[in-house]
Amino acid sequence: MIKLSVNINKIATLRNARGLHARPDLLQAARDIGRFGAEGITVHPRPDERHIRYDDVRNLKSVVTTELNVEGNPTPDFLALCREVRPEQVTLVPDAPDAITSNAGWNVVKHQGFLRDVVAELKSYGARVSIFLDPDPALIDAAAHTGTDRIELYTEAYARYYPTDRAAAVLPYRDTAHAAVAAGLGLNAGHDLDLENLAYLAQELPGLQEVSIGHALVADALYLGLENTVQLYKRQLQLG
């Protein structure tokens, strides 16, 4: 079964537009998403705290009864937060402080030594570690040598080209997934996945264990309702 982890950054963005104590209630949203059937909650705190705040992550730890996945660039502050909160999964993303959203995977060849040290530190906190990676089978050997448990494939390119040629769009992802499985790595995926492109990706990627979806799911929930939307996304994964 492929698990659905819902990224609630956009819910925090809406809350922050009206101040710290405004609606929607981020913690209640996390509770409800788990109750509606999602297997995890993902958050990506950034240094400027423009959506998820560090205190949100602290508070979510006692609320999330499934899995808490914390994404981010492993700065000293981020690692200190992970040491304090002890999330079930940490996803390492090489985004710049001013990035609107994640826009590239790691150069695991260039940063292999750095990532090896970070992965070891996070594992000592009891976290499963995933590294955000572009779809390139040539990167898998270096990724495996960091000691990471999983990789998360950055699926923006897949989503962009899916409407015109879905077979070509998924090909590098399928090849990378095969290489990851052969190397003994677990496989996650995320970025720009939605109700249109999710089922095909799930069908085509061997060993896919988890997807992290936020923006599209929250946008769909405005029209379809949060409970119904979580169920619709889970149904797409079951078609895979």
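**View 1. Leu187 and its contacts in a predicted model.** Leu187 touches Arg150, Ile151, Leu153, Ala177, Leu205, Pro206, Gly207, Leu208, Gln209 and Glu210, leaving aside residues up to four places away in sequence; contact means heavy atoms within 4.5 Å. The model is predicted, so local features need pLDDT of at least 70 and side-chain atom pairs count only at pLDDT 80 or more, while totals for chains, interfaces and linings use all residues. Residues are numbered from 1 along each chain as its sequence is written, and side-chain values use heavy atoms, with hydrogens and water left out. Leu187 lies in strand β7 (residues 186-190); helices (H or I, at least four residues) and strands (E, at least two) are DSSP runs, numbered from the N terminus. With a relative accessible area of 1%, Leu187 is buried. Buried means under 20% relative accessible area, exposed over 50%, and partly exposed in between (1.4 Å probe, protein chains only). The C-alpha atoms of Leu187 and Tyr161, 26 residues apart along the chain, are separated by 21 Å.

**View 2. The largest nonpolar core and Leu4.** This core has 75 residues, of which Leu4, Ile8, Leu92 and Val211 touch the most other members. A nonpolar core is a set of buried Ala, Val, Leu, Ile, Met, Phe, Trp, Tyr and Cys residues joined through side-chain atoms within 4.5 Å. Helix α8 (residues 166-182) gives the largest share of the core, 6 residues.

**View 3. Helices α2 and α3.** Two packed helices are described by the angle between their axes and the distance between the axes. The axes of α2 (residues 26-35) and α3 (residues 54-61) come within 10 Å and cross at roughly 45°. Axes are lines fitted to C-alpha atoms, for helices over the stretch in contact, and angles run from 0 to 180 degrees between N-to-C directions. The two helices are therefore oblique to each other: angles under 35 degrees count as roughly parallel, over 145 as roughly antiparallel, 65 to 115 as roughly perpendicular and the rest as oblique. Leu26, Leu27 and Ala30 of α2 meet Asp56, Asn59 and Leu60 of α3. These residues divide into 4 nonpolar, 1 polar and 1 charged. Ala, Val, Leu, Ile, Met, Phe, Trp, Tyr, Cys and Pro count as nonpolar, Asp, Glu, Lys and Arg as charged, and the others, Gly among them, as polar.

**View 4. Helices α3 and α4.** α3 packs on α4 (residues 76-85) at an angle of about 20°, with the axes 10 Å apart. That makes α3 roughly parallel to α4. The contact joins Tyr54, Val57, Arg58 and Lys61 in α3 to Asp77, Phe78, Leu81, Glu84 and Val85 in α4. By class, the contact has 5 nonpolar, no polar and 4 charged residues.

View 5. Most residues other than glycine have a negative phi, and most peptide bonds are trans. The peptide bond from Arg23 to Pro24 is cis, with omega near 0°, and Pro24 sits in the loop between α1 (9-16) and α2. Glu49, in the loop between β2 (40-43) and α3, has a positive phi near 50°. Arg86, in the loop between α4 and β4 (89-92), has a positive phi near 55°. Glu49 is partly exposed at 30% relative accessible area, and Arg86 is partly exposed at 40%.
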